[in-house]
Amino acid sequence: MTTETDTTRLALRILQGTTLEDKLAAFDPALLVDGVPLPAVPPREPGRAPSLRIISQGERLPRPGQLTAAAARAECLHRFANHELQALELMAWAVLAFPAMPWSFRQGIMNNLHDEQRHFRLYLGRLAAHGLRFGDLACNGNFWAQAVRLGDPLAFLCAVGLTFETANLDFALLYRDAFRTAGAEAEASVMQRIHDDEVGHVAWSASWVRRLARPAETLLQAYQRVTPFPLGLHRAKGRNFVVSSRVRAGLEADFVEATRVARSPQEQHPRRGRPG
Ligand SMILES: [Fe+2]
Ligand SMILES: [Fe+2]
């Protein structure tokens, strides 16, 4: 591919297009040019063909110990593929939603989006090896459910980069090990690759949060000020809390420690709101 690509048109196609061809539209990040900003706020839900429609919310992933069963591995791969799809759509949305941000911001998002497309394809390949196509199982909308709260670039960066992607540093390694234990080495190496890219995505988000934070505000303070409830540091991790990945992503020690000790509202107030 040698032609320049208009970023606005491309992001619109990825967000509003309904097919996997739209979501995986090929582009060279080095040949993107700044598009004309749109006058209207982009829709807060993605275009989806009927087979890709969001029809569920937040069922539990198969547990790592269940991956010895091929069906559980396939379900896991489908769920992870769905995370990548939502991530790349949310990134396309952010490119359109924040046209006043510097071009370098939107360019950085498009670089990350390009990685998410690659991750999505990697999962599609492993799904095919399990005899499944994407859309054969239900797609949930757990990331998109938060989009309504992402009103500004800082909230977007904290929710997507410093919450979902930071949690994926843990989940990618947890499930890498689980696939490996189950003898699924190809899947394990996909998880490792995605983890390694995710380190870069978290670092990129953190760098922009620092840049957009108030004077003298730390990364942690900015995160705590702007991250929309019910997201928060308790959602930015798995139970295998991996410090080294966070250090590689350049997260400050106080941010890492605050994440490590963070508890969900339910953990802090286990009885609140429960009848009886
Ligand atoms: Fe990804
Ligand atoms: Fe990512």
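View 1. The structure holds 0 disulfides, a disulfide being a pair of cysteine sulfur atoms within 2.5 Å. The sulfur of Cys76 lies 15 Å from the closest cysteine sulfur, that of Cys139, which is too far for a bond. Cys76 is buried at 0% relative accessibility, and Cys158 is likewise buried, with a relative accessible area of 0%; buried means under 20% relative accessible area, calculated with a 1.4 Å probe on protein chains only.

**View 2. Protein donors of the iron ion (ligand 2).** Glu116 (OE), Glu165 (OE), Glu198 (OE) and His201 (ND1) lie 2.0 to 2.2 Å from the iron ion (ligand 2), donors being N, O and S atoms within 2.8 Å of the metal (3.2 Å for Na, K and Ca), and because water is not among the atoms, sites may look incomplete. In sequence, these donor residues follow the spacing E-x48-E-x32-E-x2-H.

**View 3. Glu116 and the two iron ions.** Glu116 coordinates both the iron ion (ligand 2) and the iron ion (ligand 1), which are 3.6 Å apart. Glu116 in helix 4 (residues 103–129) and Glu165 in helix 5 (residues 153–181) form a pair, 49 residues apart, that links distant parts of the chain; helices are DSSP runs (H or I, at least four residues), numbered from the N terminus. Glu116 is buried at 1% relative accessibility, and Glu165 is buried at 5%.

**Notes.** Residues are numbered from 1 along each chain as its sequence is written, while chains are lettered from A and ligands numbered from 1 in the order in which they are written. In this predicted model local features need pLDDT of at least 70 and side-chain atom pairs count only at pLDDT 80 or more, whereas totals for chains, interfaces and linings use all residues, and side-chain values use heavy atoms, with hydrogens and water left out.

Notes. Buried means under 20% relative accessible area, exposed over 50%, partly exposed in between (1.4 Å probe, protein chains only). Helices (H or I, at least four residues) and strands (E, at least two) are DSSP runs, numbered from the N terminus.
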